[in-house]
Structure formats: C-alpha cells, structure tokens
Amino acid sequence: MSKETKIPTPPRFNFLWLYIIAGAVLLFIYLNGDNSSKSKEVDYSQLKEYVSKGYINEIKVFDNDEVEAYIIPDSAEYIFTDKQAQSRIGERPMLVSQIGSKEKFEEFIDAQEAEGKFHGSVEYDKKPDYWGNLFWNIFPLIAFVGIWIFLMRRMSGGGGVQGNVFSVGKSKAKLFEKNDANRITFKDVAGQEGAKQEVQEIVDFLRNPQRYTELGGKIPKGALLVGPPGTGKTLLAKAVAGEAEVPFFSLSGSDFVEMFVGVGASRVRDLFQQAKEKAPCIIFIDEIDAVGRARGKNPSMGGNDERENTLNQLLTEMDGFGTNSGIIIMAATNRVDILDKALLRAGRFDRQIHVDLPDLNERKEVFGVHLRPLKLDISVDIDLLARQTPGFSGADIANVCNEAALIAARHNKSAVDKQDFLDAVDRIIGGLEKKTKIMTDKEKETIALHEAGHATLSWFLEHANPLIKVTIVPRGRALGAAWYLPEERQITTKEQMLDEMCAILGGRAAEELFVGRISTGAMNDLERVTKQAYGMIAYAGMSEKLANLCYYNNADATFQRPYSEKTAELIDNEVKEMIREQYERAKSILSKHSEGHRALANLLIEREVIFAEDVEKIFGKRPWTSRSEEIFEKNEETTTTDTNTNDSEAPAEEAQA
C-alpha cells in the first residue's frame, strides 16, 4: 500500500512583513522628500571656478565647512554634461563641496562680488542631522509601544503565544491527557482508604456512566476535598483522573484573579468551554478558598469586586452545564469554614470528602511508598517508624525519608539505616542540634534536673506517654527534651489528661524541690498545661462545679463570650485548682523517688542522652505497660549510647524554652 502523498500547505501570509514594507517606504520618503533638487559633489577649486563664471546665485555655508552652492537653472547644462543627468535636473540643482577655511572663502566671495561675477546671497547655517531627527521623532513612539507590550505580557501571565494581551482572558488550566504515561493511580496514594472509597464512585461514573444514567441516577457534580496541608488532596485528585483515564484540567484558585476587571469570569467561561469539548473530564481547582470566600465580608472594597464576580461566574457555570455531561469538578482546601455557602449547597459541591492525617496503619503504607526509591539497610523497621511519627502528614513522612537519605549520604554510607531515620525525626521535630551553645555547669544541672523530673513522672504515672529518650543537648529553641511514644486515642478520659498534665509539670516541680528556685525553662510546659486545663473545664465539662457544660462558641463574628463574668471567674478558679492539685501531686511523687531522680539527673549530666533502659536500671521495670511500649520493646534493638549524638526515637515534649 503506497503512502499517501501530503499536499504541501502554502505558507500563511504574515502581516508583519506588510508593516515592515510600509515602514521602509515611509522612511525612504522621509529621507528623500525633496525631489526638486539635484546635487553634484565637486572639489573646492571647481566650486571657485563655477562661482567665477557666474553659474551660482546662492550659497549656504554650514558649521562643518560644507558648502551648498545653488546653480542658476540656465547654467545647469554647462555643469551637468551627461544627458541622462540633465534629464533628472530639478528646479534647484546644486553643488556640494568642502572648503578649507571660512575666512578665505569669505575673502574669495567678496572679491567675486567686487568684480561683478557673483550677485547671489551667502547664508551661514547649522548642518541638519537627518538620522538624529528621525531617531528622536520615532524612538519615543517605539519605546512607548515596547513598554506597553511588555506590561501587557507580564500582566497576562507570560510571554509567547499565550502571553499577549489578547489571551489574558484565556484559562490557565494545565491539561493532563488520559494517555499520559506518567499518570498517577490509586497505587501511588498510600493510606486514605476512606477518601479513596468516596471518590471510587466518581471513577466508576466516568468509566461507565450508562450504569447510573439508565437507572435515573445523578452523579454528584462536585466533590470538595477537605483536610490539613500535606495530606494528599491534590495527589488524590490526580489519582482519580488516572484511574478514570479521562482528561484532567488542573489549576489553582489564584489563577482566576487578575488586575483586569472581568478577566476572572472570562477565564471561568473559557475553562468550562474547554472542558465541554473534552468531556468526560475532571476539573480540579486547588486552594479554591482563594476565589471561593464568602461574599459580602469586605464591603470596603466597593461594589465591583473582581473576586466576587469570578465566584458568581463559577457558581453559574456549575449550574449551567448538563447534569450528565460528564464534567466533574473537584476542589481542595484546608479552610472550608470560610467558603461561600452557595458553593457548598447541593447541586454544586455535593460532597465533602475529608482527607485526614493518616493513622498508624496508613502511616505504614505511606512509609512503604516513600521508601521504595531508597537503598535501605536491614535494620530499618517500618512499624517502628510509623509509631514514632504520630500526627505526621504524608508530606511530613516524605520529608523524613528524604532527610534520612541526606543524612546517610552525608556520612558516606552505602545504605540508609535505622539510625538515619531516627536522626531525621529528631531533626524535623526538634530542630537542628546546637552543639556549640555555651552553658554554665549550673545551667546544665538545672536542665538535667528539669528533664529528669519529666522522665520520673512519666515512668510512674499510669496514663502518661511511655518514655523513650531524654536529652539535654540543645536542639532548635529547646535546651532539653523528653521523647515519648504516645498512643493514638480516639477518645481521651479525664484520668489520662490529668496524668499527662502532672507529667508536664514535673520539670517545674523538680526545679522547686531540688534546685530551690524556679526558672523560665518551664514556660512552654506552663503554656501547654494552662491551655489543656481551660479546654477540660470550659469545653469538655470535666469540672465538678461546671460539670457537663460546654462554652465553646463557633460563631463567625462574635465579640462576646457565651458566659457571664461570674462564670468566667469560676472557670479561672477551677483551672487554678486543677493545676495546683497536679503540681502538688508531681512534687509528692518526686519527693518519694528523690534518690532515683538525682541518680537519673547525674547520669544525664554525664552522658547528655539517656534511654528507657537506663531509666529502667534506676527505677526498675515500669509498673504500667502500654500497648505502644510492648510493640516498641519488641522491635527495639540494642542502641549504643553516644553522648555527642542525639538518637531520638519519638516525638519530643519541649521542656526548656
């Protein structure tokens, strides 16, 4: 079968050449505008000869010693002997020459006038600069046009074809086609099983829409992904497009807003027009709160708010296209409370899919994804890493893995081992280790007693978080830290919160008992305890005098507390009493175990870093063993104590600010 011959496409006419030709013609006319004169260059002796013969009737002398001598028309035939030149002689033919000296030339002219051979006029003038005049006449116009084009391209978002003023109202959405080899699927999204189950219905509809439409069902037009930063909302939306194998339009909420009036609404219209041509498809708007804020909250901006106009157009488009047109809108935000209510009503964003922080099992899956490209040592335990990172988002876990690889490379290791991951967690949570910070022996002893107080109380309190490590090595803004392996609880009892409060107050109690004076090192502890106590009494109803009452107020714009001044005073008194009881309880436990506390502080001063097994040698086995502790002891390997290395294995509670 012969190949089909392609007919060459004729080149398209470019108007730029027309503009260039017109400009060249105008320039030629400007430079050659005086067609009534014909000039001839002669030397100075010939000029003097023609003046002596009476052929010249007017002379112009310029400042550059150039002379223009205008010929009497009847005498031109004696000078222009060529017949072709004679046919082109204008009304004022002239001679051009250079004189050596103006004074001698004036003497020559005076002599010719005296002899009656020259009867014309002599003028002295400045030589006109044709190119200079052209430059100053045209350059300002060119500069103005150039600056205008530059500003239009900058304001329209870039250069090239897409960056001119005529494309400022076009959509900036990036299109990912369904045949993209680097597409993302649900396999690339670890954890978030609940969120993936929610969006699975969207994938099923895009793959087989007849399955729903034949039964009269209507797929939700929009799905709003809500969750803290770094939990994978954008990644989940891309995975939906990858699984459904449909075009995917991605853009940010800020891409709609420009300084030009009406540009945002125009871009919304253009986006939906492109989506209709590519249907079925997905439109994903990241950080939609940039354009979807509640309207009317800032009346000082005037009646023509560009952001509100853009939101109005978006609301209209979401109601405008057909129900089963195959266009599904997905959006992501971590500030759903500020979105306009019209955006969240049924028929627009029908569903809110919560993408929360991963739990223990989900963190294992996330670690599994981010550990794939790393060269790992056999000592790395994913289960232990997942338990050491409670409250970490997917982005945080990715940061831990990357930081561990960098630490291993810094130490010229052939693989990333367990210690690299522990150091990476320390670095991310506590900050950079400051080995050069200067401390006196008295300050070091105070910090050691403070941290030993935390460790002692957490060892003997039933519901306190299990201790992993205590250090007095400065890290970030903290002069010392106690590291724990907290349990992930869905609900927390009053007894658990009181034990945690007592353990936090252990540092201040140890200073008062064993140093004899208190310091500012417990400021972070006191802040946490005060917030926790107010939350327990004012919100959770965990007070005897204010039992089963919650004074939490979630009104948008309130300047008034939802309780009286008398109740506020009662809340303050209850908070003071709760903190006082736990502080006295902390001092009582420390007094009972004062010898072990002193031994623990001395060991901390000597080594700077101690672990749970060191505490166990001093106090014996912990009376209370939690599930987290059992798993940790099962997976924990023998770790060599190094006084110069901060080998943390769990999130830290900052003890010294």
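Reader: What makes the pair formed by Val42 and the side chain of Ser97 a polar contact?

Author: The distance does: the backbone oxygen of Val42 lies 3.1 Å from a polar atom of the Ser97 side chain. A polar contact is a pair of N or O atoms within 3.5 Å; within protein, one must be able to donate a hydrogen and the other to accept it, and residues adjacent in sequence count only if both atoms are side-chain atoms. So 3.1 Å falls within the limit. Some ground rules: this is a predicted model, where local features need pLDDT of at least 70 and side-chain atom pairs count only at pLDDT 80 or more, while totals for chains, interfaces and linings use all residues. Side-chain values use heavy atoms, with hydrogens and water left out, and residues are numbered from 1 along each chain as its sequence is written.

Reader: Why is Ser97 called buried?

Author: Its relative accessible area is 2%. Buried means under 20% relative accessible area, exposed over 50%, and partly exposed in between (1.4 Å probe, protein chains only), so at 2% Ser97 qualifies as buried.

Reader: Which residues does Ser97 touch?

Author: Leaving out residues up to four places away in sequence, Ser97 touches Val42, Asp43, Tyr44, Leu47, Asp65, Glu66 and Val67. Touching is the contact rule, heavy atoms within 4.5 Å. Ser97 sits in strand S4, where four of the five residues are buried. Strands (E, at least two residues) and helices (H or I, at least four) are DSSP runs, numbered from the N terminus.

Reader: How do you know that S1 and S4 pair?

Author: Two strands pair if DSSP finds at least two bridges between them. S1 and S4 have three, in the parallel sense, so they pass. Glu41 stands opposite Val96 there, and Lys40 has Leu95 as its bridge partner. S3 and S4 are joined by five bridges and run antiparallel; Ala69 stands opposite Leu95 in that case.

Reader: What makes S1 and S5 edge strands?

Author: The open sheet has five strands in the order S1-S4-S3-S2-S5, with mixed pairing. S1 (39-41) and S5 (121-125) each have a single partner strand, so one side of each is left without a neighbour in the sheet. The twist averages 20° from one strand to the next.

Reader: Which helix lies across S2, S3 and S4?

Author: That's H2 (residues 44-52), running at about 135° to S4. H5 (residues 102-115) also packs on the sheet: it touches S2, S3 and S5, and its direction makes about 165° with that of S2.

Reader: Why does Lys48 count as partly exposed?

Author: Lys48, in helix H2, has 30% relative accessibility, so it lands in the partly exposed range. The C-alpha atoms of Lys48 and Gln112 are separated by 9.5 Å, though the two residues are 64 apart along the chain.

Reader: Why are H17 and H21 called roughly perpendicular?

Author: The axes of H17 (residues 441-460) and H21 (residues 565-592) come within 10 Å and cross at roughly 90°. Axes are lines fitted to C-alpha atoms, for helices over the stretch in contact, and angles run from 0 to 180 degrees between N-to-C directions. Angles under 35 degrees count as roughly parallel, over 145 as roughly antiparallel, 65 to 115 as roughly perpendicular and the rest as oblique. H17 and H21 are therefore roughly perpendicular. Gly453, Thr456, Leu457 and Phe460 in H17 meet Ala586, Ile589 and Leu590 in H21.

Reader: How many residues of each class are in the contact of H17 with H21?

Author: Five nonpolar, two polar and no charged. Ala, Val, Leu, Ile, Met, Phe, Trp, Tyr, Cys and Pro count as nonpolar, Asp, Glu, Lys and Arg as charged, and the others, Gly among them, as polar.

Reader: What makes S7 mostly covered?

Author: In S7 (residues 222-226), five of its five residues are buried. Gly222, Leu224 and Val226 point one way, Ala223 and Leu225 the other. S7 runs parallel to S10 (residues 327-333), joined by five bridges, and Gly222 has Ile329 as its partner in S10. Five bridges also join S7 to S11 (residues 349-354), again parallel, with His354 as the partner of Val226.
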